[in-house]
Amino acid sequence: FALAEAGLLDQRRATTSWWAGPTFRRRYPQVRLDLDAMVVVDEPIITAGAAFSHVDLGLAIVGRASVDLASRVARLLVVDERAAQSPYIAVDHFSHHDPVVVAFERAVRSCLDQPLSIADLARQLGTSRRSLERRTQAALGLSPLALIRRIRRERAEHLRRTTDLTTPQIARQVGYANASTLSTLLRGAPASG
């Protein structure tokens with residue numbers, strides 16, 4: 001926030017803690033905010049997000065001098081590599097007031113175990129796919145598909161922690177026909193919608 005307030009992040013990529021994203025976007029729309037990354041390097045500025053981002057930032061700075069040294073420091077500090085914040089983001093924590101986006105989130109959550117068509121959901125909400133894409137991007141910084149993936153990941157991780165369901169069973173409950181697609185999603189790689 002301090003760097004953005006000083007104008008040093010204008011037209012640059014940066015990150016911050018995921019929960020501060022909506023406020024950051026409103027206050028600094030000229031910054032290209034990347035909430036998926038734990039550390040963003042946009043020379044000469046490095047930004048980091050999350051509560052312990054100072055550790056990630058420190059390791060990123062050390063890693064610029066020596067990847068091996070950064071790896072050794074991480075092992076000594078018992079710090080796991082966390083390249084992305086996205087697995088930890090609680091989608092429903094985002095504060096926004098767009099009624100179409102709220103209705104879209106509710107619709108997705110209500111039929112998460114079924115194949116989802118963004119165009120069909122947009123029509124059900126009385127809007128176009130293009131308008132839905134603009135509104136979710138403005139409210140959350142996400143496309144509708146990325147929001148669906150986040151909601152699926154959030155639900156799958158909750159089921160893994162709180163139930164004895166197998167991975168294939170969880171995959172079906174969050175709308176995937178097979179466990180490998182869910183595994184790809186949980187690793188943070190793009191999964192088919």
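What span should the 19 residues of α8 have at 1.5 Å a residue, and how far apart are its end C-alpha atoms? Let me come to that after a few words on the model itself.

What we have here is a predicted model, in which local features need a pLDDT of at least 70 and side-chain atom pairs count only at pLDDT 80 or more, while totals for chains, interfaces and linings use all residues. Residues are numbered from 1 along each chain as its sequence is written, and side-chain values use heavy atoms, with hydrogens and water left out.

On confidence, the protein averages a pLDDT of 82, and 85% of the residues score at least 70; pLDDT is the predictor's confidence in each residue, on a scale from 0 to 100. Confidence is highest in helix α6, residues 118-124, at a mean of 95, and lowest in helix α3, residues 53-65, at 77. Over residues 189-193 the pLDDT stays under 50, and for that stretch the model has 15 contacts beyond four places in sequence, a contact being heavy atoms within 4.5 Å.

Now the overall layout. The protein has 10 helices and four strands, where helices (H or I, at least four residues) and strands (E, at least two) are DSSP runs numbered from the N terminus. Along the sequence the pattern reads α-β-α-β-β-β-α-α-α-α-α-α-α-α. Of the 193 residues, 39% count as buried, and by buried I mean under 20% relative accessible area, with exposed meaning over 50% and partly exposed in between, using a 1.4 Å probe and protein chains only. Among contacts with a separation of 6 or more, 52% come from residues 24 or more positions apart.

Back to α8, then, and to the opening question. The 19 residues of α8 should span 27 Å at 1.5 Å a residue, and its end C-alpha atoms are 27 Å apart, which agrees; the expected span is 1.5 Å times one less than the number of residues in the helix.

Which residues of α8 are buried? They are Pro144, Leu147, Ile148, Arg150, Ile151, Arg152, Arg153, Ala156, Glu157 and Leu159, and the buried residues of this helix pack against α5, α6, α7, α9 and α10.

Let me take the last of those partners. Two packed helices are described by the angle between their axes and the distance between the axes. Helix α8, residues 144-162, and helix α10, residues 179-186, pack at an angle of about 100°, with their axes 10 Å apart; the axes are lines fitted to C-alpha atoms, for helices over the stretch in contact, and the angles run from 0 to 180 degrees between N-to-C directions. The two helices are therefore roughly perpendicular to each other, given that angles under 35 degrees count as roughly parallel, over 145 as roughly antiparallel, 65 to 115 as roughly perpendicular and the rest as oblique. On the α8 side the contact involves Arg149, Arg152, Arg153, Ala156, Glu157 and Arg160, and these meet Leu182, Leu185 and Leu186 in α10. Those residues divide into four nonpolar, no polar and five charged, where Ala, Val, Leu, Ile, Met, Phe, Trp, Tyr, Cys and Pro count as nonpolar, Asp, Glu, Lys and Arg as charged, and the others, Gly among them, as polar. Leu185, which sits in helix α10, counts as buried at 0% relative accessibility, and Leu185 lies 33 residues from Arg152 in sequence but 8.5 Å from Arg152 in space, C-alpha to C-alpha.

A second pair is α5 with α7, whose axes come within 9 Å and cross at roughly 100°. That makes α5 roughly perpendicular to α7. Here Pro99, Val100, Val101, Phe104 and Glu105 in α5 meet Leu132, Arg135, Thr136, Ala139 and Leu140 in α7, and these residues divide into seven nonpolar, one polar and two charged.

Finally, some positions in the loops. Cys111, in the loop between α5 and α6, is buried, with a relative accessible area of 13%. Gly126, in the loop between α6 and α7, counts as exposed at 69% relative accessibility.

Most residues other than glycine have a negative phi, and most peptide bonds are trans. Gln11, in the loop between α1 and β1, has a positive phi of about 65° although it is not a glycine, and the peptide bond from Glu43 to Pro44 is cis, with omega near 5°.
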